[in-house]
Amino acid sequence: MYDYHIHTAHSDDCISDMEEMILSACDKGFREIAITDHIDLEYPDKNIPFLLDFPAYHKALEYCQSKYKDRIKIVKGIEVGIQDFVSKENSDLVRAYPYDFVIGSIHAAEGKDLSTGVYYEGKTAFECYRDFYSYTYKCLKEYKDYSVLGHINIVARYNEFIPPEPVEQNEYLDLVEDILRLVIEDGKGIEVNTSCFRYKTPQMYPSVEMLALYKKLKGEIITIGSDAHSPEHIGYEFKYAIDVLESLGFKYLATYEQQRPKMNKISEFWS
């Protein structure tokens, strides 16, 4: 088993010690995990700057890789907050260290935080979705230094800020299709992020419809990650997510080394 989205106290929004997270993964039978702590340049909420002490982070990763090498494989990862005006700076940071795996995620759009409700002010429900996916596409046209696109529909997590107007996914799925086509053309992948179940989001990350569309477009690279910020959430609801993937016809999950994907049979995930 492998969990490819785990945070530690090196992320500004997490207090869990790296070794504590690793030991929990070992206890749960995981054979491989990616530590993917946050760097989110120019994040609009100054109370959570999402900066990263890179030397300390890499020292901790390498120490744990060595200490636990006989128990679990630890992949050196990072979660990069993508915004259109820091693309070069993000690329410089990612290329400065030997990461095996990079999650590219959007936590702020148009310079506005998604989690506080500011981004949604003055928008209709349709505009909330349309503008977010249009912005995502714009960013990915320029920024290419990532392995998989994280929680592609994170906008759904904050549905309490979106006006309660009926909007069907098919009204903006064409925009998601443009994003998925670009991801595939660039040789990148997407993640299935099971934090949606903890947050009780009305959609999976990605939604079942988005996963089906990715399959239809011949997308193959998928990782699975819990987005755990505490030990008990490692591997959270993986069984359900994998059942969904298999029901849609996906045969493989990806792991990474030196930013190159390795395709692993889903049928062997629990072995």
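I began with strand β8 (residues 189-193), which is joined to β9 by four bridges, the two strands running parallel. Within this pair, I found Ile-190 opposite Ile-222 of β9. I note here that the model is a predicted one.

**Entry 1: the sheet.** I next traced the sheet as a whole. It is open, has seven strands and pairs in parallel, in the order β1-β2-β3-β4-β7-β8-β9. The edges are held by β1 and β9 (222-225); each has a single partner strand, so one side of each lacks a neighbour in the sheet. I recalled that strands in a sheet pair through backbone hydrogen bonds, in parallel or antiparallel fashion.

Entry 2: Is strand β1 mostly covered or mostly open? I found that five of the five residues in β1 (residues 2-6) are buried. Its link to β2 consists of three bridges, and these two strands run parallel. Tyr-2 faces Glu-32 of β2 across the pair. I also recorded that β1, α1 and β2 form a β-α-β unit, which is right-handed.

**Entry 3: Thr-8.** I then moved to the loop between β1 and α1, where Thr-8 lies. Its relative accessibility is 0%, so Thr-8 counts as buried, the cut-off being under 20%. I looked for a polar partner and found the side chain of Asp-37, at 2.6 Å from the side chain of Thr-8. Beyond neighbours within four places in sequence, the contacts of Thr-8 are Cys-14, Ser-16, Met-18, Met-21, Ile-35 and Asp-37.

**Entry 4: helix α2.** I listed its buried residues as Phe-54, Tyr-57, His-58, Ala-60, Leu-61 and Cys-64. Viewed down the axis of α2, these residues fall within an arc of 160°, so they line one face of the helix. On the face turned away from that buried side, I found the exposed residues Pro-55 and Lys-59. The buried residues of α2 pack against two helices and two strands: α1 (18-27), α3 (87-95), β2 (32-39) and β3 (73-81). At the N-terminal end, α2 is capped by Asp-53, with a side-chain oxygen 3.3 Å from the backbone nitrogen of Ala-56.

**Entry 5: Phe-269.** Finally, I located Phe-269 in the segment after β11 (260-265). Phe-269 has a relative accessible area of 0% and is buried. Which residues are in contact with Phe-269, leaving aside neighbours within four places in sequence? I found Met-1, Tyr-2, Arg-31, Ile-224, Phe-238, Ile-242 and Leu-253. Tyr-2, one of these contacts, is the residue I had placed opposite Glu-32 in β2. I also checked Lys-251, which is 18 residues from Phe-269 in sequence and 11 Å from it in space, C-alpha to C-alpha.

How values were computed. Residues are numbered from 1 along each chain as its sequence is written. This is a predicted model: local features need pLDDT of at least 70, side-chain atom pairs count only at pLDDT 80 or more; totals for chains, interfaces and linings use all residues. Side-chain values use heavy atoms; hydrogens and water are left out. Buried means under 20% relative accessible area, exposed over 50%, partly exposed in between (1.4 Å probe, protein chains only). The arc is that of the directions from the helix axis to the C-beta atoms. Contact means heavy atoms within 4.5 Å. A polar contact is a pair of N or O atoms within 3.5 Å; within protein, one must be able to donate a hydrogen and the other to accept it, and residues adjacent in sequence count only if both atoms are side-chain atoms. Two strands pair if DSSP finds at least two bridges between them. A crossover is right-handed if, with the strands pointing away from the viewer, the path from the first strand over the helix to the second runs clockwise.
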